[in-house]
Amino acid sequence: MYDQRILLVEDDPIMGESLLERLKLEHYPVEWVRDLDQARRALDGKLYPLVLSDICLPDGDGESLLAAMTQRYGGCCPPVVFMTGYGSVAQAVRLVRDGAWDYIQKPFDVDLLMQRIHEWLPFDDASSDAWFGVSPVSRALEQLIDRISTLDLPILIQGESGTGKEIVAQYIHTRICNGRAAKASPPFVAINCAAISEGLLESELFGHEPGAFTGACKRHVGVFEQANGGILFLDEIGDMPVNVQAKLLRVLQDGQIRRVGSEKTIQVAVRLICATHKPLDKLVESGKFRHDLFFRISGVPIHLPPLREREQDIAWLAQRHVDALNAKMGQSKRLDSQFIGWAKLQAWEGNVRELFATLDRAYHFSPDCWVRWERAGLPCSRGTPGQGLGANSDPEPLEQYLARIERDYLKQCVSQNSGQMMKTADRLGISRKTLWEKLKRYKIGSQDSGSFS
């Protein structure tokens with residue numbers, strides 16, 4: 001059973017009480033046990049997001065605890081961080097080599113420990129009420145949506161592809177439905193104007209009668225009629241042909257449609273939400289979009305910022321997507337916190353859609369319970385040192401190239417830091433456990449960079 005609490009293993013009552021109170025103040029739920037036996041029993045039935053343990057316990061030590069966790073969970077051990085005194089540093093280093101996440105040396109600055117815990121557990125449960133993101137710009141957007149959802153004004157959503165324009169439209173629909181709890185939910189109909197040929201778009205919007213054109217064998221009800229009384233979402237309206245724009249403008253002016261091949265007008269009441277990744281003002285200047293239609297549909301203009309401009313949302317979005325994958329697949333995989341550090345270095349030109357696609361790959365290619373960026377199958381677009389590819393006349397396989405670059409960089413960093421693992425890991429922004437794993441994978445020994453410490 002997955003437990004949201006941090007497991008604190010500490011026999012010193014003063015230290016344990018102090019950490020317990022501080023973690024609670026930081027809004028981290030905590031379970032405190034005082035010896036190895038209690039820790040074993042707790043770990044036997046629950047999967048904790050983090051175990052924070054003293055290395056010396058009344059009935060055992062760090063090795064015993066790590067062995068019990070490895071026996072219980074195999075390669076899917078919860079992250080364990082040991083607290084150690086000066087005389088036990090060598091033991092702590094061995095534990096990190098054997099699979100512990102990290103260690104901190106006593107006496108330590110509690111503020112610094114809280115900062116490290118936030119890095120290890122970057123996901124804020126207090127933000128569970130958010131639906132678009134936890135960054136200030138996302139929370140401001142949520143407040144704006146709450147205010148405008150009940151207003152009878154057309155909405156124009158602009159932003160790069162993959163920023164969540166349809167998610168916003170669906171949320172507005174949800175807000176309207178919530179305001180009509182005692183009534184039937186109004187319809188929500190979405191159509192992508194760029195995915196329909198110019199010859200068929202008018203028919204899809206307004207419908208047609210039998211025999212209206214070649215192939216029109218029976219009556220077709222258009223999306224305006226389907227959405228009558230609810231919301232019509234016109235995605236990629238910037239790709240709508242100019243001749244169809246004129247007909248759309250007429251409908252918005254008088255609220256009447258006419259099916260293709262019919263002389264009869266039909267009154268409709270539709271809340272229109274349009275979206276596009278193209279700059280409509282530029283299209284107006286170039287004559288590709290009608291300026292009168294632009295003003296008509298932009299009653300409330302909303303701009304969705306790209307993911308690279310709301311970095312604080314990445315961890316929240318990633319965790320939510322992994323949770324959704326777990327629910328779909330019936331698994332309990334966990335997101336490696338280092339995935340977030342890597343993700344914040346990426347450009348994400350495809351925005352949230354690209355982030356989710358990357359997570360999908362990392363999730364399904366993960367051999368254990370951890371979703372790691374190394375399993376995403378993509379090279380680092382930024383943040384990976386290396387030489388330009390243009391000078392390489394005989395390119396080697398991509399995986400081999402990346403491994404060689406990473407190995408050389410690790411050797412260089414370890415050497416520059418005189419073999420100090422803690423200092424090197426901090427400079428690289430990774431845990432000592434990950435550093436040890438990489439050094440082991442690339443067979444980098446002390447002979448390459450002096451002695452390790």
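Before I point at anything, one term: two strands pair if DSSP finds at least two bridges between them. Helices here are DSSP runs of H or I with at least four residues, strands are runs of E with at least two, and both are numbered from the N terminus. What you see is a predicted model, where local features need pLDDT of at least 70, side-chain atom pairs count only at pLDDT 80 or more, and totals for chains, interfaces and linings use all residues. Residues are numbered from 1 along each chain as its sequence is written, and side-chain values use heavy atoms, with hydrogens and water left out.

Okay, the sheet. Strand S3, residues 51-54, and strand S6, residues 80-84, pair in the parallel sense over four bridges. Which residue in S6 is the bridge partner of Asp 54? That's Met 83. Zooming out, these strands belong to an open sheet of five, in the order S2-S1-S3-S6-S7, with parallel pairing. At the edges sit S2 (30-33) and S7 (102-105), each pairing on one side only.

Now a helix on that sheet. Helix H2, residues 36-45, lies across S1, S2 and S3, and runs at about 165 degrees to S1. Angles like this go from 0 to 180 degrees between N-to-C directions, with axes as lines fitted to C-alpha atoms, for helices over the stretch in contact.

Next, helix H8, residues 198-206. Leu 201, Ser 203, Leu 205 and Phe 206 are buried there, meaning under 20% relative accessible area with a 1.4 Å probe, protein chains only. The axes of H8 and H10 come within 10 Å and cross at roughly 15 degrees. So H8 is roughly parallel to H10, a label for angles under 35 degrees. Among the H8 residues that meet H10 are Leu 205 and Phe 206, and on the H10 side the list includes Val 244 and Leu 248; contact means heavy atoms within 4.5 Å.

Last stop: is Asn 351 buried or exposed? Buried, with a relative accessible area of 0%. Asn 351 is in helix H15, residues 351-365. Its side chain and that of Glu 160 are joined by a polar contact of 3.1 Å, that is, a pair of N or O atoms within 3.5 Å, where within protein one must be able to donate a hydrogen and the other to accept it, and residues adjacent in sequence count only if both atoms are side-chain atoms.

Methods
Buried < 20%, exposed > 50% of the residue type's maximum accessible area, 1.4 Å probe, protein only. Parallel < 35°, antiparallel > 145°, perpendicular 65-115°, else oblique.
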